[in-house]
Amino acid sequence: TALNAQNLAEVGSRVPVPGYDRSAVTAGVVHFGVGGFHRAHQAMYLDRLLSKDVEAAKDYGICGVGVLPGDARMRDTMASQDCLYTLVLKHPDGSLEPRIVGSIVEYLFAPDDPEAVVEKLAAPTTRIVSLTVTEGGYNLDDITGEFVTDTPAVAADAAAGSDAGKLTTVFGLVVEALVRRRERGLEPFTVMSCDNLQGNGHLARTAFAAFADLREEALGEWVREHVHFPNSMVDRITPATTGDDVALVEREFGIVDAWPVVCEPFTQWALEDSFGAGRPPLEEVGVQVVPDVEPYELMKLRLLNASHQALAYFGRLLDHELVDGAATDPDLKPFVRAYMDAEATPTLAPVPGVDLDEYKDTLEERFGNPHVRDTTARLAAESSDRIPKWLVPVVRANLAAGRDVHRSAAVVASWARYAEGVDEHGESITVVDRRRDRVMAAAQRQLGDDPLAFLRDRELFGDLVDDARFTDAYLDALRGLHDDGARATLRRLR
Ligand code: NAD
(Lines give C-alpha, C1' and ligand atoms only; values in the text may rest on other atoms or scores of the structure.)
Protein backbone atom coordinates (compact mmCIF):
# COMPACT_ATOMS: atom_id res chain seq x y z
CA THR A 1 0.00 0.00 0.00
CA ALA A 2 1.39 3.40 -0.94
CA LEU A 3 1.73 5.62 2.11
CA ASN A 4 -0.48 8.70 1.86
CA ALA A 5 -3.41 10.30 3.68
CA GLN A 6 -6.01 8.46 1.63
CA ASN A 7 -4.57 5.04 2.47
CA LEU A 8 -4.02 5.78 6.14
CA ALA A 9 -6.93 3.68 7.38
CA GLU A 10 -5.73 0.66 5.45
CA VAL A 11 -2.15 1.15 6.63
CA GLY A 12 -3.57 1.53 10.13
CA SER A 13 -4.78 -2.06 10.09
CA ARG A 14 -1.12 -3.13 10.11
CA VAL A 15 0.86 -0.49 11.99
CA PRO A 16 -0.02 2.33 14.42
CA VAL A 17 -1.01 5.52 12.60
CA PRO A 18 -1.96 9.00 13.79
CA GLY A 19 -5.34 8.83 15.52
CA TYR A 20 -5.72 12.61 15.55
CA ASP A 21 -7.26 14.76 12.86
CA ARG A 22 -4.29 16.06 10.89
CA SER A 23 -6.44 18.55 9.02
CA ALA A 24 -7.07 20.34 12.33
CA VAL A 25 -3.34 20.72 13.04
CA THR A 26 -1.66 24.08 12.36
CA ALA A 27 2.05 24.40 11.71
CA GLY A 28 3.28 26.38 14.72
CA VAL A 29 6.79 25.05 14.17
CA VAL A 30 8.80 25.70 11.03
CA HIS A 31 11.74 23.30 10.82
CA PHE A 32 14.88 23.70 8.69
CA GLY A 33 16.73 20.47 7.84
CA VAL A 34 14.13 17.73 7.61
CA GLY A 35 16.50 14.77 7.55
CA GLY A 36 16.59 11.46 9.35
CA PHE A 37 17.23 12.86 12.79
CA HIS A 38 14.44 15.45 12.88
CA ARG A 39 11.98 12.81 11.73
CA ALA A 40 13.17 10.32 14.39
CA HIS A 41 13.24 12.86 17.22
CA GLN A 42 11.42 16.20 17.33
CA ALA A 43 8.70 15.22 14.87
CA MET A 44 8.21 11.98 16.83
CA TYR A 45 7.78 13.90 20.12
CA LEU A 46 5.23 16.25 18.55
CA ASP A 47 3.41 13.28 17.05
CA ARG A 48 3.26 11.76 20.54
CA LEU A 49 1.88 15.01 21.90
CA LEU A 50 -0.76 15.25 19.17
CA SER A 51 -1.75 11.67 19.96
CA LYS A 52 -2.34 12.59 23.60
CA ASP A 53 -5.15 14.90 22.64
CA VAL A 54 -3.69 17.82 24.56
CA GLU A 55 -5.60 20.87 23.36
CA ALA A 56 -2.49 23.05 22.90
CA ALA A 57 -0.78 20.41 20.77
CA LYS A 58 -2.69 21.09 17.59
CA ASP A 59 -1.06 24.51 17.32
CA TYR A 60 2.34 22.83 17.06
CA GLY A 61 2.34 20.83 13.89
CA ILE A 62 5.46 21.16 11.75
CA CYS A 63 6.11 22.83 8.42
CA GLY A 64 9.38 21.40 7.11
CA VAL A 65 11.70 23.52 5.00
CA GLY A 66 14.59 22.46 2.77
CA VAL A 67 17.06 25.06 1.57
CA LEU A 68 19.71 22.96 -0.16
CA PRO A 69 19.32 21.71 -3.76
CA GLY A 70 19.60 18.14 -2.45
CA ASP A 71 16.38 18.59 -0.49
CA ALA A 72 14.34 18.40 -3.72
CA ARG A 73 14.05 14.67 -3.11
CA MET A 74 12.52 15.26 0.32
CA ARG A 75 10.09 17.76 -1.23
CA ASP A 76 8.95 15.16 -3.75
CA THR A 77 8.62 12.44 -1.12
CA MET A 78 6.67 14.69 1.21
CA ALA A 79 4.38 15.79 -1.61
CA SER A 80 3.55 12.26 -2.73
CA GLN A 81 3.04 10.97 0.84
CA ASP A 82 1.13 13.93 2.29
CA CYS A 83 4.15 14.44 4.59
CA LEU A 84 3.56 11.03 6.24
CA TYR A 85 6.44 8.64 6.85
CA THR A 86 7.21 5.42 8.66
CA LEU A 87 9.46 5.48 11.72
CA VAL A 88 10.85 2.07 12.65
CA LEU A 89 12.57 1.50 15.98
CA LYS A 90 15.03 -1.39 15.91
CA HIS A 91 15.29 -3.10 19.26
CA PRO A 92 18.46 -4.93 20.32
CA ASP A 93 16.58 -8.28 20.26
CA GLY A 94 15.78 -7.75 16.58
CA SER A 95 12.14 -6.80 17.00
CA LEU A 96 10.78 -3.87 15.03
CA GLU A 97 8.45 -1.16 16.31
CA PRO A 98 6.85 0.80 13.48
CA ARG A 99 4.68 3.90 13.55
CA ILE A 100 3.40 6.31 10.95
CA VAL A 101 4.28 9.83 12.07
CA GLY A 102 1.82 12.60 11.19
CA SER A 103 3.17 15.72 12.88
CA ILE A 104 4.73 17.19 9.75
CA VAL A 105 1.77 18.76 7.97
CA GLU A 106 3.45 20.90 5.32
CA TYR A 107 6.76 21.05 3.48
CA LEU A 108 8.32 23.94 1.59
CA PHE A 109 11.38 23.77 -0.64
CA ALA A 110 12.97 27.20 -0.42
CA PRO A 111 14.59 27.22 -3.89
CA ASP A 112 11.10 26.86 -5.41
CA ASP A 113 9.75 29.93 -3.64
CA PRO A 114 11.83 31.68 -0.97
CA GLU A 115 9.15 34.35 -0.52
CA ALA A 116 6.65 31.66 0.53
CA VAL A 117 9.11 30.42 3.17
CA VAL A 118 9.57 33.93 4.56
CA GLU A 119 5.81 34.45 4.71
CA LYS A 120 5.35 31.11 6.46
CA LEU A 121 7.93 32.16 9.04
CA ALA A 122 6.29 35.56 9.41
CA ALA A 123 2.78 34.11 9.85
CA PRO A 124 1.12 34.80 13.21
CA THR A 125 0.69 31.03 13.72
CA THR A 126 4.47 30.40 13.67
CA ARG A 127 5.85 30.29 17.20
CA ILE A 128 9.01 28.23 16.93
CA VAL A 129 11.65 27.92 14.21
CA SER A 130 13.71 24.79 14.81
CA LEU A 131 16.92 23.69 13.17
CA THR A 132 18.90 20.54 12.39
CA VAL A 133 21.16 22.02 9.75
CA THR A 134 24.29 20.06 10.87
CA GLU A 135 27.20 21.21 12.98
CA GLY A 136 28.71 23.16 10.09
CA GLY A 137 25.41 24.86 9.26
CA TYR A 138 25.91 27.72 11.72
CA ASN A 139 28.79 29.16 9.71
CA LEU A 140 30.92 29.89 12.76
CA ASP A 141 34.70 30.00 12.81
CA ASP A 142 35.97 27.14 14.97
CA ILE A 143 38.66 29.13 16.68
CA THR A 144 37.20 32.60 17.10
CA GLY A 145 33.59 31.40 17.37
CA GLU A 146 32.62 34.34 15.15
CA PHE A 147 30.13 34.20 12.32
CA VAL A 148 31.94 33.97 8.99
CA THR A 149 30.66 36.91 6.98
CA ASP A 150 32.46 36.33 3.69
CA THR A 151 30.89 33.00 2.70
CA PRO A 152 29.46 33.73 -0.78
CA ALA A 153 25.92 32.60 0.09
CA VAL A 154 25.85 34.59 3.32
CA ALA A 155 27.23 37.73 1.68
CA ALA A 156 24.67 37.40 -1.12
CA ASP A 157 21.81 37.02 1.37
CA ALA A 158 22.96 40.01 3.39
CA ALA A 159 23.06 42.08 0.20
CA ALA A 160 19.64 40.82 -0.90
CA GLY A 161 18.08 42.10 2.33
CA SER A 162 14.31 42.06 2.09
CA ASP A 163 14.31 40.99 -1.57
CA ALA A 164 13.15 37.57 -0.40
CA GLY A 165 13.09 36.00 -3.85
CA LYS A 166 16.91 36.03 -3.80
CA LEU A 167 17.44 34.44 -0.38
CA THR A 168 19.12 31.03 -0.22
CA THR A 169 20.33 30.56 3.36
CA VAL A 170 18.56 29.87 6.61
CA PHE A 171 20.04 33.14 7.92
CA GLY A 172 18.61 35.29 5.16
CA LEU A 173 15.17 33.67 5.34
CA VAL A 174 14.83 33.70 9.13
CA VAL A 175 16.12 37.24 9.65
CA GLU A 176 13.91 38.66 6.90
CA ALA A 177 10.93 36.99 8.57
CA LEU A 178 11.91 38.52 11.93
CA VAL A 179 12.05 41.95 10.29
CA ARG A 180 8.57 41.48 8.83
CA ARG A 181 7.19 40.32 12.17
CA ARG A 182 8.63 43.36 13.89
CA GLU A 183 7.07 45.64 11.25
CA ARG A 184 3.73 43.91 11.67
CA GLY A 185 3.78 44.07 15.45
CA LEU A 186 4.01 40.27 15.84
CA GLU A 187 6.15 38.80 18.56
CA PRO A 188 9.30 37.10 17.31
CA PHE A 189 9.32 33.32 17.13
CA THR A 190 11.75 31.30 19.24
CA VAL A 191 14.75 29.83 17.37
CA MET A 192 15.37 26.32 18.68
CA SER A 193 18.57 24.60 17.55
CA CYS A 194 18.57 20.81 17.78
CA ASP A 195 22.06 20.28 16.38
CA ASN A 196 24.80 18.47 18.27
CA LEU A 197 26.69 21.52 19.38
CA GLN A 198 27.64 22.57 22.86
CA GLY A 199 25.57 25.63 23.68
CA ASN A 200 23.58 25.20 20.46
CA GLY A 201 21.18 27.99 21.46
CA HIS A 202 24.03 30.38 22.22
CA LEU A 203 25.68 29.53 18.92
CA ALA A 204 22.44 30.03 17.02
CA ARG A 205 22.04 33.42 18.70
CA THR A 206 25.61 34.37 17.72
CA ALA A 207 25.02 33.35 14.11
CA PHE A 208 21.59 34.90 13.54
CA ALA A 209 22.43 38.13 15.37
CA ALA A 210 25.69 38.51 13.43
CA PHE A 211 23.85 37.99 10.18
CA ALA A 212 21.24 40.56 11.24
CA ASP A 213 24.05 43.04 11.89
CA LEU A 214 25.31 42.51 8.37
CA ARG A 215 21.90 43.36 7.03
CA GLU A 216 21.13 46.41 9.03
CA GLU A 217 22.74 48.45 11.75
CA ALA A 218 21.25 47.66 15.17
CA LEU A 219 19.16 44.74 13.88
CA GLY A 220 21.56 42.33 15.57
CA GLU A 221 21.04 44.07 18.89
CA TRP A 222 17.30 43.72 18.46
CA VAL A 223 17.69 39.98 17.76
CA ARG A 224 19.93 39.52 20.81
CA GLU A 225 17.43 41.28 22.98
CA HIS A 226 14.11 39.97 21.73
CA VAL A 227 14.57 36.51 20.25
CA HIS A 228 14.80 33.44 22.50
CA PHE A 229 17.34 30.74 21.60
CA PRO A 230 16.95 27.81 24.04
CA ASN A 231 19.86 25.41 24.40
CA SER A 232 19.13 21.72 24.09
CA MET A 233 20.66 18.28 24.28
CA VAL A 234 19.25 15.86 21.74
CA ASP A 235 19.95 12.15 21.50
CA ARG A 236 18.81 9.30 19.31
CA ILE A 237 21.13 7.43 16.98
CA THR A 238 19.61 7.73 13.52
CA PRO A 239 21.56 6.27 10.62
CA ALA A 240 20.92 7.36 7.06
CA THR A 241 18.04 5.45 5.46
CA THR A 242 19.19 2.70 3.07
CA GLY A 243 17.54 0.82 0.24
CA ASP A 244 17.35 -2.16 2.60
CA ASP A 245 15.27 -0.08 5.02
CA VAL A 246 12.83 0.86 2.25
CA ALA A 247 12.56 -2.83 1.31
CA LEU A 248 12.14 -3.86 4.95
CA VAL A 249 9.18 -1.50 5.45
CA GLU A 250 7.49 -2.93 2.38
CA ARG A 251 8.25 -6.56 3.24
CA GLU A 252 7.38 -6.43 6.96
CA PHE A 253 4.48 -3.99 6.93
CA GLY A 254 3.29 -3.88 3.33
CA ILE A 255 3.92 -0.14 3.17
CA VAL A 256 5.47 1.52 0.15
CA ASP A 257 7.32 4.44 1.70
CA ALA A 258 9.97 6.17 -0.42
CA TRP A 259 11.85 7.50 2.59
CA PRO A 260 11.20 5.84 5.96
CA VAL A 261 13.42 6.45 8.99
CA VAL A 262 15.01 3.73 11.12
CA CYS A 263 16.64 4.36 14.48
CA GLU A 264 17.40 2.95 17.90
CA PRO A 265 14.67 2.80 20.59
CA PHE A 266 16.58 5.10 22.97
CA THR A 267 15.64 8.76 22.84
CA GLN A 268 16.42 11.76 25.01
CA TRP A 269 15.81 15.50 24.79
CA ALA A 270 16.80 17.97 27.48
CA LEU A 271 15.54 21.43 26.62
CA GLU A 272 16.04 24.79 28.26
CA ASP A 273 12.77 26.46 29.15
CA SER A 274 13.34 29.70 27.27
CA PHE A 275 10.60 30.42 24.77
CA GLY A 276 9.21 33.78 23.73
CA ALA A 277 6.01 32.99 21.89
CA GLY A 278 4.79 29.89 23.72
CA ARG A 279 5.82 26.27 23.49
CA PRO A 280 4.11 22.90 23.39
CA PRO A 281 3.88 21.05 26.73
CA LEU A 282 6.73 18.74 25.78
CA GLU A 283 7.25 17.54 29.36
CA GLU A 284 4.05 15.52 28.86
CA VAL A 285 5.79 13.32 26.31
CA GLY A 286 9.09 12.65 28.04
CA VAL A 287 11.15 15.75 27.22
CA GLN A 288 13.23 17.00 30.16
CA VAL A 289 12.42 20.71 30.26
CA VAL A 290 15.13 22.08 32.55
CA PRO A 291 16.57 25.43 33.63
CA ASP A 292 20.12 24.55 32.51
CA VAL A 293 21.00 21.94 29.91
CA GLU A 294 24.76 22.34 30.00
CA PRO A 295 25.54 19.32 32.20
CA TYR A 296 23.38 17.11 29.94
CA GLU A 297 24.98 18.50 26.80
CA LEU A 298 28.55 18.00 27.97
CA MET A 299 27.76 14.47 29.12
CA LYS A 300 26.29 13.58 25.76
CA LEU A 301 28.78 15.31 23.48
CA ARG A 302 31.86 14.08 25.35
CA LEU A 303 30.67 10.53 26.05
CA LEU A 304 28.50 9.70 23.06
CA ASN A 305 29.60 11.94 20.21
CA ALA A 306 33.32 11.97 21.00
CA SER A 307 33.27 8.16 21.49
CA HIS A 308 31.58 7.88 18.10
CA GLN A 309 34.64 9.62 16.67
CA ALA A 310 36.88 6.98 18.28
CA LEU A 311 34.70 4.25 16.78
CA ALA A 312 34.66 5.88 13.34
CA TYR A 313 38.36 6.05 12.38
CA PHE A 314 39.78 3.18 14.41
CA GLY A 315 36.71 1.17 13.40
CA ARG A 316 37.29 1.77 9.70
CA LEU A 317 41.01 1.03 10.03
CA LEU A 318 40.00 -2.28 11.66
CA ASP A 319 37.71 -2.96 8.65
CA HIS A 320 34.44 -2.41 10.49
CA GLU A 321 31.84 -1.05 8.14
CA LEU A 322 29.16 -1.14 10.84
CA VAL A 323 29.32 0.62 14.18
CA ASP A 324 28.20 -2.37 16.23
CA GLY A 325 31.18 -4.34 14.93
CA ALA A 326 33.52 -1.53 15.93
CA ALA A 327 31.85 -1.10 19.33
CA THR A 328 32.17 -4.79 20.21
CA ASP A 329 35.66 -5.24 18.76
CA PRO A 330 37.77 -6.81 21.53
CA ASP A 331 40.52 -4.20 21.17
CA LEU A 332 38.44 -1.11 20.38
CA LYS A 333 35.72 -1.57 23.00
CA PRO A 334 38.08 -1.34 26.01
CA PHE A 335 39.90 1.59 24.43
CA VAL A 336 36.67 3.56 24.02
CA ARG A 337 35.56 2.74 27.57
CA ALA A 338 38.95 3.84 28.89
CA TYR A 339 38.59 7.12 26.97
CA MET A 340 35.17 7.61 28.56
CA ASP A 341 36.29 6.74 32.09
CA ALA A 342 39.73 8.31 32.22
CA GLU A 343 39.48 11.30 29.89
CA ALA A 344 35.85 12.33 29.28
CA THR A 345 34.31 11.70 32.71
CA PRO A 346 36.81 13.77 34.73
CA THR A 347 35.79 16.83 32.66
CA LEU A 348 32.08 16.49 33.53
CA ALA A 349 30.17 18.10 36.35
CA PRO A 350 27.56 15.95 38.12
CA VAL A 351 24.44 15.63 35.96
CA PRO A 352 21.16 15.92 37.89
CA GLY A 353 19.44 12.55 38.05
CA VAL A 354 22.04 10.68 36.00
CA ASP A 355 24.44 7.96 37.16
CA LEU A 356 27.35 8.32 34.76
CA ASP A 357 28.48 4.70 35.08
CA GLU A 358 25.02 3.52 34.10
CA TYR A 359 24.92 6.07 31.30
CA LYS A 360 28.20 4.69 29.92
CA ASP A 361 26.98 1.09 30.21
CA THR A 362 23.86 2.08 28.27
CA LEU A 363 26.02 3.75 25.64
CA GLU A 364 28.00 0.56 25.15
CA GLU A 365 24.75 -1.35 24.67
CA ARG A 366 23.42 1.25 22.24
CA PHE A 367 26.63 1.31 20.20
CA GLY A 368 26.54 -2.49 20.09
CA ASN A 369 22.92 -2.80 18.89
CA PRO A 370 23.40 -5.02 15.81
CA HIS A 371 20.10 -4.08 14.20
CA VAL A 372 20.55 -0.33 13.91
CA ARG A 373 23.24 -0.87 11.27
CA ASP A 374 24.78 2.54 11.66
CA THR A 375 27.99 2.91 9.64
CA THR A 376 31.46 4.02 10.62
CA ALA A 377 31.44 6.01 7.36
CA ARG A 378 28.49 8.11 8.58
CA LEU A 379 30.24 8.83 11.87
CA ALA A 380 33.43 9.73 10.00
CA ALA A 381 31.74 12.28 7.75
CA GLU A 382 32.45 15.98 8.33
CA SER A 383 35.16 15.15 10.87
CA SER A 384 36.52 18.68 10.66
CA ASP A 385 33.26 19.98 12.10
CA ARG A 386 33.12 17.25 14.73
CA ILE A 387 36.54 16.60 16.26
CA PRO A 388 37.07 20.31 17.07
CA LYS A 389 33.61 20.59 18.65
CA TRP A 390 33.38 17.29 20.49
CA LEU A 391 36.88 16.01 21.30
CA VAL A 392 39.20 19.03 21.36
CA PRO A 393 37.33 20.58 24.33
CA VAL A 394 37.98 17.39 26.33
CA VAL A 395 41.70 17.65 25.51
CA ARG A 396 41.81 21.30 26.54
CA ALA A 397 40.04 20.67 29.83
CA ASN A 398 42.39 17.81 30.67
CA LEU A 399 45.54 19.72 29.72
CA ALA A 400 44.42 22.64 31.85
CA ALA A 401 43.91 20.29 34.79
CA GLY A 402 47.17 18.44 34.20
CA ARG A 403 45.42 15.15 33.34
CA ASP A 404 46.15 12.39 30.85
CA VAL A 405 45.23 12.98 27.19
CA HIS A 406 46.84 10.04 25.43
CA ARG A 407 43.64 8.35 24.31
CA SER A 408 42.11 11.54 22.94
CA ALA A 409 45.41 12.21 21.17
CA ALA A 410 45.22 8.74 19.65
CA VAL A 411 41.70 9.43 18.35
CA VAL A 412 42.94 12.60 16.64
CA ALA A 413 45.85 10.57 15.23
CA SER A 414 43.40 7.96 13.95
CA TRP A 415 41.56 10.70 12.05
CA ALA A 416 44.88 11.94 10.63
CA ARG A 417 45.72 8.37 9.55
CA TYR A 418 42.21 7.93 8.05
CA ALA A 419 42.57 11.20 6.13
CA GLU A 420 45.56 9.72 4.31
CA GLY A 421 42.79 8.08 2.29
CA VAL A 422 44.16 4.52 2.20
CA ASP A 423 43.42 1.70 4.62
CA GLU A 424 45.74 -1.01 5.93
CA HIS A 425 45.13 -3.17 2.86
CA GLY A 426 45.91 -0.39 0.42
CA GLU A 427 42.20 0.08 -0.37
CA SER A 428 41.07 3.66 -0.71
CA ILE A 429 39.02 5.40 1.98
CA THR A 430 36.45 7.92 0.80
CA VAL A 431 36.89 11.02 2.93
CA VAL A 432 33.65 13.02 3.16
CA ASP A 433 34.34 16.46 4.58
CA ARG A 434 33.71 20.01 3.45
CA ARG A 435 37.40 20.65 4.16
CA ARG A 436 38.43 17.46 2.41
CA ASP A 437 41.19 18.84 0.17
CA ARG A 438 42.88 20.73 2.95
CA VAL A 439 42.62 17.89 5.46
CA MET A 440 43.84 15.25 3.01
CA ALA A 441 46.75 17.42 1.88
CA ALA A 442 47.84 17.86 5.51
CA ALA A 443 47.59 14.10 6.05
CA GLN A 444 49.89 13.55 3.03
CA ARG A 445 52.47 15.95 4.44
CA GLN A 446 52.68 13.96 7.67
CA LEU A 447 54.00 11.05 5.60
CA GLY A 448 56.94 13.22 4.56
CA ASP A 449 59.24 15.09 6.91
CA ASP A 450 56.56 16.84 9.00
CA PRO A 451 54.76 14.28 11.16
CA LEU A 452 52.86 17.10 12.94
CA ALA A 453 51.54 18.58 9.67
CA PHE A 454 47.95 17.55 10.37
CA LEU A 455 47.90 19.30 13.75
CA ARG A 456 49.24 22.55 12.33
CA ASP A 457 45.76 23.55 11.13
CA ARG A 458 45.07 26.07 13.87
CA GLU A 459 41.55 26.66 12.67
CA LEU A 460 40.79 23.08 13.72
CA PHE A 461 43.14 22.45 16.63
CA GLY A 462 44.07 25.87 17.97
CA ASP A 463 47.41 25.71 19.76
CA LEU A 464 47.41 22.00 20.58
CA VAL A 465 50.42 21.61 18.29
CA ASP A 466 52.45 23.74 20.71
CA ASP A 467 51.81 21.52 23.72
CA ALA A 468 54.28 18.66 24.00
CA ARG A 469 52.02 16.79 26.42
CA PHE A 470 49.59 16.43 23.55
CA THR A 471 51.98 16.14 20.61
CA ASP A 472 54.13 13.43 22.26
CA ALA A 473 51.07 11.24 22.73
CA TYR A 474 49.78 12.10 19.27
CA LEU A 475 53.08 11.25 17.55
CA ASP A 476 53.36 8.03 19.51
CA ALA A 477 49.89 6.94 18.33
CA LEU A 478 50.48 8.07 14.74
CA ARG A 479 53.79 6.20 14.61
CA GLY A 480 52.01 3.12 15.93
CA LEU A 481 49.29 3.42 13.30
CA HIS A 482 51.90 3.69 10.55
CA ASP A 483 54.34 1.06 11.78
CA ASP A 484 52.24 -1.51 13.63
CA GLY A 485 48.65 -0.89 12.47
CA ALA A 486 45.47 0.05 14.30
CA ARG A 487 45.04 -3.18 16.26
CA ALA A 488 48.49 -3.32 17.76
CA THR A 489 48.32 0.39 18.56
CA LEU A 490 45.00 -0.01 20.38
CA ARG A 491 46.31 -2.94 22.40
CA ARG A 492 49.25 -0.88 23.53
CA LEU A 493 47.29 2.29 24.28
CA ARG A 494 44.26 1.28 26.28
P1 NAD B 1 20.53 14.33 7.28
O2 NAD B 1 21.66 14.35 6.32
O3 NAD B 1 19.50 13.26 7.21
O4 NAD B 1 19.76 15.72 7.21
C5 NAD B 1 20.41 16.93 7.27
C6 NAD B 1 19.48 18.04 6.81
O7 NAD B 1 20.14 19.29 7.05
C8 NAD B 1 19.16 18.00 5.33
O9 NAD B 1 17.82 18.38 5.16
C10 NAD B 1 20.08 19.08 4.75
O11 NAD B 1 19.60 19.67 3.59
C12 NAD B 1 20.11 20.07 5.89
N13 NAD B 1 21.29 20.94 5.85
C14 NAD B 1 22.59 20.57 5.85
N15 NAD B 1 23.39 21.65 5.82
C16 NAD B 1 22.56 22.73 5.80
C17 NAD B 1 22.78 24.13 5.75
N18 NAD B 1 24.01 24.64 5.70
N19 NAD B 1 21.70 24.95 5.75
C20 NAD B 1 20.45 24.44 5.79
N21 NAD B 1 20.18 23.13 5.81
C22 NAD B 1 21.23 22.28 5.82
O23 NAD B 1 21.24 14.33 8.71
P24 NAD B 1 20.57 13.98 10.13
O25 NAD B 1 20.95 12.58 10.49
O26 NAD B 1 19.15 14.35 10.11
O27 NAD B 1 21.40 14.92 11.10
C28 NAD B 1 21.27 16.33 11.05
C29 NAD B 1 21.84 16.91 12.33
O30 NAD B 1 21.05 16.49 13.43
C31 NAD B 1 23.25 16.45 12.68
O32 NAD B 1 24.23 17.19 12.02
C33 NAD B 1 23.28 16.64 14.17
O34 NAD B 1 23.66 17.96 14.51
C35 NAD B 1 21.84 16.41 14.59
N36 NAD B 1 21.72 15.07 15.22
C37 NAD B 1 21.76 13.93 14.47
C38 NAD B 1 21.70 12.69 15.12
C39 NAD B 1 21.76 11.40 14.34
O40 NAD B 1 21.93 10.35 14.97
N41 NAD B 1 21.61 11.38 13.04
C42 NAD B 1 21.61 12.64 16.52
C43 NAD B 1 21.55 13.82 17.25
C44 NAD B 1 21.62 15.04 16.58
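Guide: The model is a predicted one. The sheet is open and has three strands, in the order β4-β3-β9, with mixed pairing. Its edge strands are β4 and β9, the latter spanning residues 261–263, and each of them pairs on one side only. On average, neighbouring strands of this sheet are turned by 20 degrees against each other, with direction ignored. As a general point, strands of a sheet pair through backbone hydrogen bonds, and the pairing is either parallel or antiparallel.

Now take the pair β3 and β4. Strand β3 covers residues 85–90, strand β4 covers residues 96–101, and the two are antiparallel, joined over six bridges. Val-88 has Pro-98 in β4 as its bridge partner, and Leu-89 stands opposite Glu-97 in β4. In a regular strand, side chains alternate between the two faces of the sheet. The two strands form a hairpin with five residues between them, and in this hairpin Gly-94 takes a positive phi near 95 degrees.

Next, the surroundings of the ligand. There are 24 residues around the ligand, and those that come nearest are Gly-33, Gly-35, Phe-37, Thr-134 and Asp-195. Helix α2, residues 36–40, supplies the largest share of this shell, three residues. Sorted by class, the shell has eleven polar, nine nonpolar and four charged residues.

The largest nonpolar core is the next part. It has 155 residues, of which Val-174, Ala-207, Phe-208, Phe-211 and Leu-311 touch the most other members. Helix α11, residues 294–317, gives the largest share of this core, 13 residues. The core lies between domain 1 (8–290) and domain 2 (294–493), because both domains give residues to it.

Is Thr-471 buried or partly exposed? A residue counts as buried with 20 or more other C-beta atoms within 10 Å of its own, and as exposed with 12 or fewer. Thr-471 has 17 within 10 Å, so it is partly exposed. Between Thr-471 and Ala-413 there are 9.9 Å in space, C-alpha to C-alpha, while in sequence they are 58 residues apart.

Technical notes: Residues are numbered from 1 along each chain as its sequence is written. This is a predicted model: local features need pLDDT of at least 70, side-chain atom pairs count only at pLDDT 80 or more; totals for chains, interfaces and linings use all residues. Two strands pair if DSSP finds at least two bridges between them. Helices (H or I, at least four residues) and strands (E, at least two) are DSSP runs, numbered from the N terminus. A residue is near a molecule or strand if its C-beta atom, placed from the backbone, lies within 6 Å of it. Ala, Val, Leu, Ile, Met, Phe, Trp, Tyr, Cys and Pro count as nonpolar, Asp, Glu, Lys and Arg as charged, and the others, Gly among them, as polar. Axes are lines fitted to C-alpha atoms, for helices over the stretch in contact, and angles run from 0 to 180 degrees between N-to-C directions. A nonpolar core is a set of buried Ala, Val, Leu, Ile, Met, Phe, Trp, Tyr and Cys residues joined through C-beta atoms within 7 Å. Domain bounds come from an automatic or database domain assignment.
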